[in-house]
Amino acid sequence: MRVQVSLRAEKLGNIAPGRWRGKKSNPYAVVSLVSSSDHDVGDDGELGRTGVLYNNLNPSWTKIFTLDHDTSQSWTPLRITLHDSRTEPPPNQHASVYHRQLSSSGVIGVDLIARGAIQTMKSVRLPKSLRGEVNSDPIMGKVDVEVGDILKMDGQELKVELEQGGNLYVHITESIQSPPNSMAEYTTGTFDCHIRGLDLQNIEWGLFGLGAIDPYFELSKKYVHPQSGIQRWTVVYRSEHIPNIINPYWQPFRLDLETLCHGNLDCELKITVLDYERTSKDRWLGENVVTPALLMQCMEIPHGNACRTDAISILNNEDPDNVKEIGLIVVLKAEIR
């Protein structure tokens with residue numbers, strides 16, 4: 001069975017230098033396969049790592065780890081280690097989209113999701129010679145979990161209290177899920193997408209009313225546990241933020257369909273638009289639910305990059321009795337490759 005592992009954490013212990021001045025840690029996670037014989041990580045045990053979320057003690061990482069789980073043995077032990085990165089984010093970039101990635105040459109490099117990099121990788125095991133950088137960053141927490149145990153839980157998510165402070169949430173689900181009906185088909189490939197915002201509500205006027213929001217968006221997929229009915233949204237992509245603009249052009253992105261929607265083009269996805277704040281919590285602006293199929297339907301009729309006819313409304317639904325449209329999303333590209 002192929003499974004997907006996603007991670008988030010809350011109230012992590014802050015071990016950042018200068019924390020007395022308000023600085024916060026820059027957490028990232030390393031996931032390794034533990035040897036079943038000695039419960040230790042071997043030379044080829046590392047499956048991958050998340051991106052670094054800077055100045056964030058409540059990270060929701062977008063990287064999805066995909067791996068094979070042997071159901072006959074029902075035993076796939078994983079070790080998850082959280083580190084505090086001591087590197088600085090690239091200048092003039094949204095710190096939360098900084099992402100370390102394995103290049104095609106097999107060397108760990110630095111990339112930006114903002115440049116449209118494929119955000120989620122298949123399981124890649126890195127030799128120790130390429131992992132020295134991880135060991136130099138201080139540890140914020142370490143836990144061992146077992147895939148089979150989490151798959152059997154209601155909601156398929158395990159909450160682990162960390163000795164260093166805070167909680168880690170490990171969510172594991174089948175990568176290719178049972179079809180919702182007998183006629184459903186699963187699609188393979190990658191999903192290429194490019195969207196822009198239009199007429200977003202400006203909630204940040206700045207000095208003398210000359211400022212504007214710094215918008216970015218998150219794309220999340222819906223999870224529903226078939227037995228318990230527990231629901232949650234898992235973030236699978238986070239764009240760069242663009243400063244001082246209400247009509248942003250975000251960078252195009254590409255995601256594997258298995259990661260994005262389990263190969264089901266009718267899987268519910270949520271587009272959430274937020275306003276980036278450098279020194280405080282980012283502000284939620286609005287959201288709407290779509291599907292990969294709906295995004296592609298928006299491209300069936302050719303239109304300009306500011307066409308409102310086929311645009312997707314972004315809604316502020318905090319008050320169910322007074323839902324407001326706070327802007328539009330225009331789909332510039334949505335296709336399977």
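This section describes the secondary structure, sheet pairing and nonpolar cores of a predicted model.

Residues are numbered from 1 along each chain as its sequence is written. Because the model is predicted, local features need pLDDT of at least 70 and side-chain atom pairs count only at pLDDT 80 or more, while totals for chains, interfaces and linings use all residues; side-chain values use heavy atoms, with hydrogens and water left out.

The protein chain contains 4 helices and 18 strands, taken as DSSP runs numbered from the N terminus (helices H or I, at least four residues; strands E, at least two). Of its 337 residues, 50% count as buried, where buried means under 20% relative accessible area with a 1.4 Å probe, protein chains only. The accessible surface of the chain comes to about 16200 Å², and 48% of this belongs to carbon and sulfur atoms (Shrake-Rupley method, 1.4 Å probe). Among contacts with a separation of 6 or more, 70% are between residues 24 or more positions apart, a contact being heavy atoms within 4.5 Å.

An open antiparallel sheet is formed by 4 strands in the order 4-1-10-9; two strands pair if DSSP finds at least two bridges between them. Strand 4 (65-68) and strand 9 (157-161) stand at the edges with a single partner strand each, so one side of each lacks a neighbour in the sheet. On average, neighbouring strands of this sheet are turned by 25° against each other, direction ignored (axes are lines fitted to C-alpha atoms; angles run from 0 to 180 degrees between N-to-C directions). Strand 9 pairs with strand 10 (residues 167-174) in the antiparallel sense over 5 bridges, and Lys159 has Tyr169 of strand 10 as its bridge partner.

Antiparallel pairing also joins strand 12 (residues 215-224) to strand 13 (residues 231-238), here over 7 bridges. Leu219 stands opposite Tyr237 in strand 13. The hairpin of these strands has 6 residues between them, and Gly229 takes a positive phi near 80°. Strand 13 is mostly covered, with 6 of its 8 residues buried.

Leu219 also belongs to the largest nonpolar core, which has 36 residues; such a core is a set of buried Ala, Val, Leu, Ile, Met, Phe, Trp, Tyr and Cys residues joined through side-chain atoms within 4.5 Å. Leu219, Trp250, Leu260, Leu295 and Ile329 touch the most other members. Beyond its neighbours within four places in sequence, Leu295 is in contact with Phe191, Ile271, Val290, Ile312, Val331 and Ala334. A second, separate core of 27 residues includes Val5, Ala29, Leu47 and Val170.
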